[in-house]
Amino acid sequence: MGERAPWLRRPARVALAAAALAFVVSLFLRNRLPDKSLILEPLLQDPIQTADGVPEPFDVTRKGFTYTVTPLFNYELWGMIVSYHHSASFVDISHKQWNDYINTKDVCVIWGRNVETGVYQRMKFRNRDFTCYYRYPDRETGELFTENCLSNNHLLPADGFVAAAVKRARKGDQVRIKGWLVSYGIKDAPYARGSSTVRTDRGNGACEVVYVTEFEVLREANAGWRTLHKMSLAVAGLALAALIFL
């Protein structure tokens, strides 16, 4: 059986090559941190933490497990995501071992002096289970950077709508997170994961645990490159199908 549309093969090969190039380029550029000139004014302020009107402990059920959540403080944070970690990632073993299905994502964010000076553009950030790591190339950068304007946040979405918004957020996005700093654990179990309640602590226990009632992306980063990345996959699939079946 002969080819049904041989005239399409050359355009398909060109489209596949172009899509492959666009995929590789956008793979790197979609995760760039924005220039400091693009930082929104709300990110220059410190998080707001208050004790007024904090609700009583309550229970939340996720995937057949019931957790007791104990609010500690009202909390609102404006920051830029510099790295993140999905709890459902195949490289994450801790959440599944501990039957923790309420903490869906960790986001490491910076604000204040760290975004105002643009020091983050010289640095590298990454996340793993429950931890945010960062490094800077020289002493001058280290002196400019302040740990008091960075936090790793274990996010516990209040509902499906908030969970979807949290899941969509990516590196470089400027976000607003509102809810409560909490401790939580499986109901009636002797262990609960606690939250930091200051921004000046370090090491184990220094992360914020946030039961998120509102999550908003104030400014999306690299929207064009993200769109190009998705389009390149679609074009590559169509071109490959044309080469195989036509």
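**Arginine surroundings and cysteines**

Modeller: Leaving aside residues up to four places away in sequence, Arg 199 touches Pro 47, Gln 49, Tyr 75, Trp 111, Glu 147, Asn 148, Leu 181 and Glu 208. The model is a predicted one. Arg 199 is found in the loop between β8 (174-186) and β9 (208-219). With a relative accessibility of 17%, Arg 199 counts as buried, because the cut-off for that class is under 20%. Two of the residues it touches, Gln 49 and Glu 208, also take part in polar contacts with it. The side chain of Arg 199 meets the side chain of Gln 49 at 3.0 Å, and a polar contact of 3.1 Å joins the side chain of Arg 199 to that of Glu 208.

Now the cysteines. The count comes to 1 disulfide, and this bond joins Cys 108 to Cys 132, with an S to S distance of 2.2 Å. The link of Cys 108 and Cys 132 is left-handed, with -70° about the S-S bond. The pair connects distant parts of the chain: Cys 108 sits in strand β4 (residues 105-110) and Cys 132 in strand β6 (residues 131-135), 24 residues apart. Both ends fall in the buried class: Cys 108 has a relative accessible area of 0%, and Cys 132 has one of 13%.

Cys 149 is in no disulfide; for Cys 149 the nearest cysteine sulfur is that of Cys 108, 12 Å away. Cys 149 is itself buried, at 9% relative accessible area. The sulfur of Cys 207 has its closest cysteine sulfur in Cys 132, and because the two are 8.0 Å apart, they are too far from each other for a bond. Cys 207 also counts as buried, at 18% relative accessibility.

Lys 230 lies in helix α6 (residues 223-245). At 62% relative accessibility, Lys 230 counts as exposed, because the cut-off for that class is over 50%. The C-alpha atoms of Lys 230 and Phe 23 are separated by 8.1 Å, although the two residues are 207 residues apart along the chain.

Technical notes. Residues numbered from 1 in each chain as written. Predicted model: local features only at pLDDT ≥ 70, side-chain atom pairs only at ≥ 80, totals over all residues. Heavy atoms only, no water. Disulfide = S-S within 2.5 Å. Helix = DSSP H or I, 4+ residues; strand = E, 2+ residues; numbered from the N terminus. Buried < 20%, exposed > 50% of the residue type's maximum accessible area, 1.4 Å probe, protein only. Polar contact = N/O pair within 3.5 Å; in protein donor to acceptor, adjacent residues only side chain to side chain. Contact = heavy atoms within 4.5 Å.
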